[in-house]
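Please prepare a short report on the structure shown below.

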Amino acid sequence: MTGLDVRVEALEMVYEVDGEQVHALRGVDLEIAAGSSMALLGPSGSGKSSLLTLLAGLQKPTSGRALIGGQDVSAMSERALLALRAREVGVVMQGPARNLLPYANAEDNVRFAQRAVPRDRRDRLRSPADLLEQLGLGHVRRSRLGALSGGEQQRLSLAVGLAGAPGLLLADEPTSQLDAVNRAHVVEMLVTAAAGGTTIVVVTHDEHIASQVDRTLALRDGEIVS
Ligand SMILES: Nc1ncnc2c1ncn2[C@@H]1O[C@H](COP(=O)(O)OP(=O)(O)OP(=O)(O)O)[C@@H](O)[C@H]1O
Ligand SMILES: [Mg+2]
């Protein structure tokens, strides 16, 4: 399948904290071609996660809009967004446990993420065992979330994000807790997904990831600076 394109128009996100306004995004415009990969860089607090959660439709922008495959996620119903994420958009949020089912084992977490994939795309799915193996998780495939280390949970989150062979993967710092060997596993996984046509947006401080993507973009104080 072909990847989904992304278009961001004048996106602003203002949070209210104790009556004070925090401007997380100050008018971001962005286009990402279908099937291409982009790394999002920038200092802590610059708005990277805010941008990713808006693309995922996990929150609504203060103004502006975000379109995925031509659909305006800023205006979609919760129900439509759930379907979009279950079928088309893989999301790996910062903090691995937030992406996972606590009472299911690793393999079942991956299997669950494949349940809503339409019939005509099922032949593109990789088996949970195969996905876990590629991320160095073969030996813990029957372990529950609580029995996995932080780095194992992080790799499992990526396996779950890619389980449905999505048209778009949104991943927030997928290697922050990993050693060099496992960072390489993750990079290999992202490269495989990109080769399969998945559009990739990855927030990262990892030079290795940044060197493998088509384009890098930096945010500072909620604005694109390069
Ligand atoms: N839910 C929220 N409520 C209030 N303020 C928030 C919320 N989420 C983010 N912020 C604020 O918005 C700004 C941008 O945060 P964001 O999480 O997008 O940054 P980031 O670039 O992902 O940082 P990091 O590299 O530390 O993950 C920060 O000042 C943060 O405190
Ligand atoms: Mg963040």
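The buried residues of helix α3 (residues 106-113) are Ala 106, Glu 107, Asn 109, Val 110 and Ala 113. They lie on the same side of α3, because the arc they cover around the axis is only 160°. The arc is taken from the directions that lead from the helix axis to the C-beta atoms. Buried stands for a relative accessible area under 20%, exposed for over 50%, and partly exposed for values in between, with a 1.4 Å probe and protein chains only. Helices (H or I, at least four residues) and strands (E, at least two) are DSSP runs, numbered from the N terminus.

This is a predicted model, in which local features need pLDDT of at least 70 and side-chain atom pairs count only at pLDDT 80 or more, while totals for chains, interfaces and linings use all residues. Residues are numbered from 1 along each chain as its sequence is written, chains are lettered from A and ligands numbered from 1 in the order in which they are written, and side-chain values use heavy atoms, with hydrogens and water left out.

The packing partners of the buried residues of α3 are α2 (78-87), α4 (128-134) and α5 (150-162); contact here means heavy atoms within 4.5 Å. At the start of α3, the backbone nitrogen of Glu 107 has a side-chain oxygen of Asn 105 within 3.1 Å. Polar contacts are pairs of N or O atoms within 3.5 Å; within protein, one must be able to donate a hydrogen and the other to accept it, and residues adjacent in sequence count only if both atoms are side-chain atoms.

Gln 114 sits in the loop between α3 and α4. With a relative accessibility of 8%, Gln 114 counts as buried. Its side chain reaches the backbone oxygen of Arg 126 at 2.9 Å. Leaving aside neighbours within four places in sequence, Gln 114 is in contact with Arg 122, Leu 125, Arg 126, Pro 128, Leu 131, Ala 163 and Gly 164.

The next topic is ligand 1. Of the 14 residues around ligand 1, those that come nearest are Ser 44, Gly 45, Lys 48, Ser 49 and Ser 50. A residue is near a molecule if one of its heavy atoms lies within 4 Å of it.

| Side chain | Distance to an oxygen atom of ligand 1 |
|---|---|
| Ser 44 | 2.6 Å |
| Lys 48 | 2.7 Å |
| Ser 49 | 2.8 Å |

Taken alone, ligand 1 exposes 630 Å², and the protein buries 64% of that. Accessible areas come from the Shrake-Rupley method with a 1.4 Å probe; for residues, only the protein chains shown count as cover. The shell around ligand 1 draws at least two residues from each of β1 (6-17), β2 (20-32) and α1 (48-55). The most come from α1, which gives 3 residues. By type, the shell divides into 5 nonpolar, 7 polar and 2 charged residues. Ala, Val, Leu, Ile, Met, Phe, Trp, Tyr, Cys and Pro count as nonpolar, Asp, Glu, Lys and Arg as charged, and the others, Gly among them, as polar.

Helix α1 is largely enclosed by the rest of the structure, because 7 of its 8 residues are buried. These are Lys 48, Ser 50, Leu 51, Leu 52, Thr 53, Leu 54 and Leu 55. After α1 comes Gly 57, with a positive phi near 70°.

Tyr 15 belongs to strand β1 and is partly exposed, at a relative accessible area of 27%. Its side chain makes polar contacts with the side chain of Ser 50 (2.9 Å) and with that of Gln 59 (2.9 Å). Beyond four places in sequence, the contacts of Tyr 15 also include Glu 20, Gln 21, Val 22 and Ala 24. Tyr 15 and Pro 61 are 46 residues apart in sequence, with a C-alpha to C-alpha distance of 9.7 Å.

Two residues other than glycine have a positive phi. Ala 10, in strand β1, has a phi of about 45° and is partly exposed, at 40% relative accessible area. Asp 18 has a phi near 50°; it lies in the loop between β1 and β2 and is exposed, with a relative accessible area of 78%.

Ser 37 lies in strand β3 (residues 37-41) and is buried, with a relative accessible area of 7%. Not counting residues up to four places away in sequence, Ser 37 touches Ile 200, Gln 212, Val 213, Asp 214 and Arg 215.
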